[in-house]
Each structure stands twice: as C-alpha cells, then as structure tokens.
Amino acid sequence: MLLHEFDPSRAAVINPWGIIKPVPDCPRVGVSCFERGTFERMVERLGGMEIMRLKKANWDAPVYRTEYKGVEIALFEAYVGAAGCVGDLEELFAAGVEKLVLFGTCGVLDRSIGDCGIIIPTAALRDEGASFHYAPPSDEIAVNPKYREEFLEILNEHNCTYTQGKVWTTDAFYRETAEKMERRKAAGCVCVDMECSAVAAVAWFRGKEVFHFFHASDNLDGGEWEAWSLSQNANITGKDKAALLALELAVRIAERED
C-alpha cells in the first residue's frame with residue numbers, strides 16, 4: 001500500500017527551510033485556531049505586528065507577533081484540513097516557532113459533552129493521508145505528550161469541565177457514515193476532526209511541541225446531525241473562553257521553558 005511506504009529521510013525535493021527563512025524576533029511559542037471569527041477577535045483584542053505571511057495558491061494568511069501577560073506569541077489562523085494545516089506548520093517551524101498551542105472545533109460522538117465543551121485528545125485515529133508521510137504507518141498516533149498537566153491546572157483554575165479521549169481524524173467529513181462512527185466510538189473516540197493526527201505526526205517528525213485541544217461545535221451522536229455552534233456567530237462566549245485557555249497555556253509553556 002502506498003501509505004505504508006514511510007520514508008524517514010529528513011530532506012525532500014522541496015523543503016520548508018528552502019521556502020521560508022528564519023524570521024527575526026519570531027516568538028518561539030505560537031497560538032493558533034481554525035475558526036476565523038475567533039481568530040479575528042483575538043487579533044482585535046491583542047493587536048500585534050505582522051511578521052510574515054503564509055502564502056498558498058488560494059490562501060494568504062498573516063502571522064502576528066503579539067503579547068499576552070508579558071509573553072511574546074506568534075498568532076495565526078490555522079488552515080482547515082490536514083494537508084494544508086501541516087504545510088503551514090512546516091513553514092511556521094522553519095520561521096522559528098518551536099512550540100504551539102492549537103485549538104478548534106470538532107464534532108462530538110458523545111452528546112453528553114455539550115456545546116463548546118472542552119475536549120483533550122489523548123490519541124488520534126489516522127483516517128487521513130498527510131500523517132503517513134511524517135510517521136510510520138499505524139492506526140493511531142499519540143497526541144499531546146507534553147503540557148497536559150499544565151492545561152488541566154488551567155482548566156481547574158477556570159472551573160472548566162472537560163473530556164479526555166481519542167479523536168477520529170478524517171479527510172472526508174461527508175463520508176462520516178453511521179457505521180463508521182459506531183466503529184470509531186467502539187475504538188474509544190469521543191470526537192471527530194480533520195487535522196489532529198497529521199499535526200501530531202509533523203510535530204513528532206520535526207521535533208516540535210504541539211498541544212492540540214478542541215471545543216465541541218456539532219453533534220453526530222444521534223439519528224440526525226446537529227450544528228450546535230458550528231456557525232461563526234454562535235456561542236461566541238464559549239469560543240472566546242477556549243481562546244483564553246489557549247493563551248493561558250502559551251504563557252505557562254513560555255514560563256516553563258525560561
């Protein structure tokens with residue numbers, strides 16, 4: 001099978017460090033989210049200076065150097081979908097980012113989690129293609145090997161309930177069939193997303209640290225799909241709370257490394 005021919009060579013024909021040069025004064029810690037409305041409110045609140053742009057054929061996104069509680073942070077909007085997200089992370093790592101807090105929406109496979117409930121993935125089922133180019137083939141990949149205890153402390157300090165469990169990462173959200181969902185639930189998955197397993201793989205391959213968490217946005221646990229807060233303008237309070245948690249963890253990570 002093509003996806004089983006993992007090549008561990010660090011260099012490829014095209015390399016991120018050949019496209020992106022180190023950015024002067026690039027923060028070592030980054031924060032990113034997938035939802036544009038949340039990202040725009042973070043930029044409006046924190047401000048910052050644009051230090052580079054992530055450019056693709058159909059994507060042009062600024063990266064800002066901003067500050068939260070005295071800690072410099074690289075703030076950017078993550079690309080939705082495993083392949084595009086991994087490409088952007090490769091370029092951010094080449095620019096100088098070493099550690100990243102990434103958060104975004106997910107669909108729940110357990111309706112008891114509730115809208116905007118915080119989910120910490122412990123492992124990801126690899127039902128996408130990008131991760132197999134960054135890690136040997138396997139059904140699952142470990143997620144969040146560092147900073148879990150720090151994040152749990154932050155959640156407790158902010159009186160946030162949370163769920164821990166596996167995430168099903170898939171490229172094809174229109175092919176999330178009822179039969180597949182039952183199999184994923186039986187494997188221990190509590191939610192579904194499009195990037196987590198690939199993000200974990202590229203972080204492992206490049207020797208970087210990424211902490212990835214979700215806030216529930218829609219429900220697939222039932223006979224019919226429920227959109228919940230998937231709309232940009234829905235449950236802004238819950239989404240901004242997730243952004244606050246991400247920023248607090250970025251500060252904790254920076255302080256730990258000093």
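Accessible areas in this tour come from the Shrake-Rupley method with a 1.4 Å probe, and for residues only the protein chains shown count as cover. By that method the chain exposes about 11,900 Å², of which carbon and sulfur atoms supply 52%. The model is predicted: local features need pLDDT of at least 70, side-chain atom pairs count only at pLDDT 80 or more, and totals for chains, interfaces and linings use all residues. Residues are numbered from 1 along each chain as its sequence is written, and side-chain values use heavy atoms, with hydrogens and water left out.

**The whole chain**

Along its principal axes the C-alpha trace spans about 50 × 45 × 35 Å.

A residue is called buried under 20% relative accessible area, exposed over 50%, and partly exposed in between (1.4 Å probe, protein chains only). Of the 258 residues, 55% count as buried. Contact means heavy atoms within 4.5 Å. Among contacts between residues at least 6 apart in sequence, 75% join residues at least 24 apart.

**The aromatic cluster**

Next, select Phe-103, Phe-151, Phe-211 and Phe-213, which form one aromatic cluster. Rings of Phe, Tyr and Trp (its six-membered ring) pair if their centres lie within 6.5 Å; planes under 30 degrees apart count as stacked, over 60 as edge-to-face and the rest as tilted. The count by this rule comes to seven aromatic pairs.

One of them joins Phe-151 to Phe-211: this pair is tilted, with 5.0 Å from centre to centre and 55° between the planes. Phe-151 belongs to helix 4 (residues 148-157) and Phe-211 to strand 10 (residues 209-219), so the pair links distant parts of the chain, 60 residues apart. Both Phe-151 and Phe-211 are buried.

Keep Phe-151 in view and turn to Phe-213. These two rings also form a tilted pair, 4.7 Å centre to centre with 40° between the planes. Phe-151 lies in helix 4 and Phe-213 in strand 10, so this pair ties together parts that are 62 residues apart in sequence. Phe-213, like Phe-151, is buried.

**Helix 2 and Thr-38**

Select Thr-38, which is found in helix 2 (residues 36-46). At 1% relative accessibility, Thr-38 counts as buried. Which residues is Thr-38 in contact with, leaving aside its neighbours within four places in sequence? They are Cys-33, Phe-103, Lys-239 and Ala-243.

**Strand 6 and Thr-122**

Thr-122 is in strand 6 (residues 118-127). This residue is partly exposed, with a relative accessible area of 31%. Its C-alpha atom is separated by 6.5 Å from that of Ala-142, 20 residues apart along the chain. Beyond neighbours within four places in sequence, Thr-122 is in contact with residues including Ala-142, Arg-148 and Gln-164.

**Helix 6**

Select residues 196-206. Nine of the 11 residues of helix 6 are buried, so the helix is largely enclosed by the rest of the structure. Among them are Cys-196, Val-199 and Phe-205. Helix 6 is followed by Gly-207, whose phi is positive, near 70°.

**Two residues with positive phi**

Most residues other than glycine have a negative phi. Lys-69, although not a glycine, has a positive phi of about 55°. Lys-69 lies in the loop between strand 3 (59-68) and strand 4 (71-77). Is Lys-69 buried or exposed? At 57% relative accessibility, Lys-69 counts as exposed.

Tyr-147 is not a glycine either, and its positive phi is about 75°. Tyr-147 lies in the loop between strand 7 (140-142) and helix 4. At 3% relative accessibility, Tyr-147 counts as buried.

**Last stop: Pro-24**

Finish at Pro-24, in the loop between helix 1 (16-19) and strand 1 (29-33). Pro-24 is exposed, with a relative accessible area of 65%. From Pro-24 to Phe-213 the separation is 189 residues in sequence and 29 Å in space, C-alpha to C-alpha.

Note on methods:
Helices (H or I, at least four residues) and strands (E, at least two) are DSSP runs, numbered from the N terminus.
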